[in-house]
Amino acid sequence: MNTLDLCQYAPVIPVIVLNRVEHAVPMARALAAGGVRVLEVTLRTPQALDSMRQIAAEVPDAIVGAGTVRSAADARAAKEAGCQFAVSPGFTVEVAQACQELDLPLLPGVATASEVMLAQSHGFRFLKFFPATAAGGIPLLKALAGPFPDVVFCPTGGITLATAPDFLALPNVKVCGGSWLLPQDAMDAGDWDRITTLAREACALRRP
Ligand code: 3PG
């Protein structure tokens, strides 16, 4: 799989922080029911790897990836947990090489022109732009389109249902990332219907 294939399912990739393993499968099913099949489960909680394993085993509609991959060890753990792709908040040669050796498609993070150049020199042309809003948002993405017409982005960080359409309207944006589909109170309450509704709303953002 190529990471660009991840963009064909929905205009948003949810960034997921799971605190309870037993929430992993119902949450993944709720998102998939709303049309969101590509899931970035972040390696930010001790439950993350078990959650990925369960989603990979029990939710065939879901395409689960690991977010917050910061080392080669993270990449190996993600692959062993059944992840189909990895996302890193920044770009390091260590993570890029580990993912290439593991045959684990990587969406690496960048926030500057230098980082875009580094990522490109390692063969990446689909990049996470993180933290999108804090790092310069839409004006920076427009500016990067000049020198990098061959690079496309998944902006993530500070994006909401209200602001996503402006990002998705940019020619160099293929998909947005965001945690707004998984409000903490809905997760805590196991309010899966609400998460399905949020997923449906996110899917409706697709460009015509
Ligand atoms: C990420 O890890 O990509 C971000 O934390 C997601 O950003 P958001 O919570 O502002 O959507």
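**Figure 1. E5, helix H5 (residues 113–121) and E6 form a right-handed β-α-β unit.** A crossover is called right-handed if, with the strands pointing away from the viewer, the path from the first strand over the helix to the second runs clockwise; helices (H or I, at least four residues) and strands (E, at least two) are DSSP runs, numbered from the N terminus. The view comes from a predicted model, in which local features need pLDDT of at least 70 and side-chain atom pairs count only at pLDDT 80 or more, whereas totals for chains, interfaces and linings use all residues. Residues are numbered from 1 along each chain as its sequence is written. E5 and E6 pair in the parallel sense over 2 bridges, where pairing requires that DSSP finds at least two bridges between the strands, and Gly109 has Lys128 of E6 as its bridge partner.

**Figure 2. Strand E5 (106–110) and its pairing with strand E4 (residues 85–88).** Of the 5 residues of E5, 5 are buried, so the strand is largely enclosed by the rest of the structure; a residue counts as buried if 20 or more other C-beta atoms, placed from the backbone, lie within 10 Å of its own, as exposed if 12 or fewer do, and as partly exposed in between. In a regular strand the side chains alternate between the two faces of the sheet. Here Leu106, Pro108 and Val110 point one way and Leu107 and Gly109 the other. E4 and E5 pair in the parallel sense over 3 bridges, with Ala86 opposite Leu106. The chain passes from E4 through H4 to E5 in a right-handed β-α-β crossover.

Figure 3. Most residues other than glycine have a negative phi, and most peptide bonds are trans.

**Figure 4. The residues around the ligand include Phe130, Trp180 and Gly67.** Also among them are Val15, Thr156, Ile159 and Ser179, together with Gly157, Gly158, Gly177 and Gly178; a residue is taken as near the ligand if its C-beta atom, placed from the backbone, lies within 6 Å of it. By class, this shell has 4 nonpolar, 7 polar and no charged residues, where Ala, Val, Leu, Ile, Met, Phe, Trp, Tyr, Cys and Pro count as nonpolar, Asp, Glu, Lys and Arg as charged, and the others, Gly among them, as polar.

Figure 5. H1 is followed by Gly35, whose phi is positive, near 100°.
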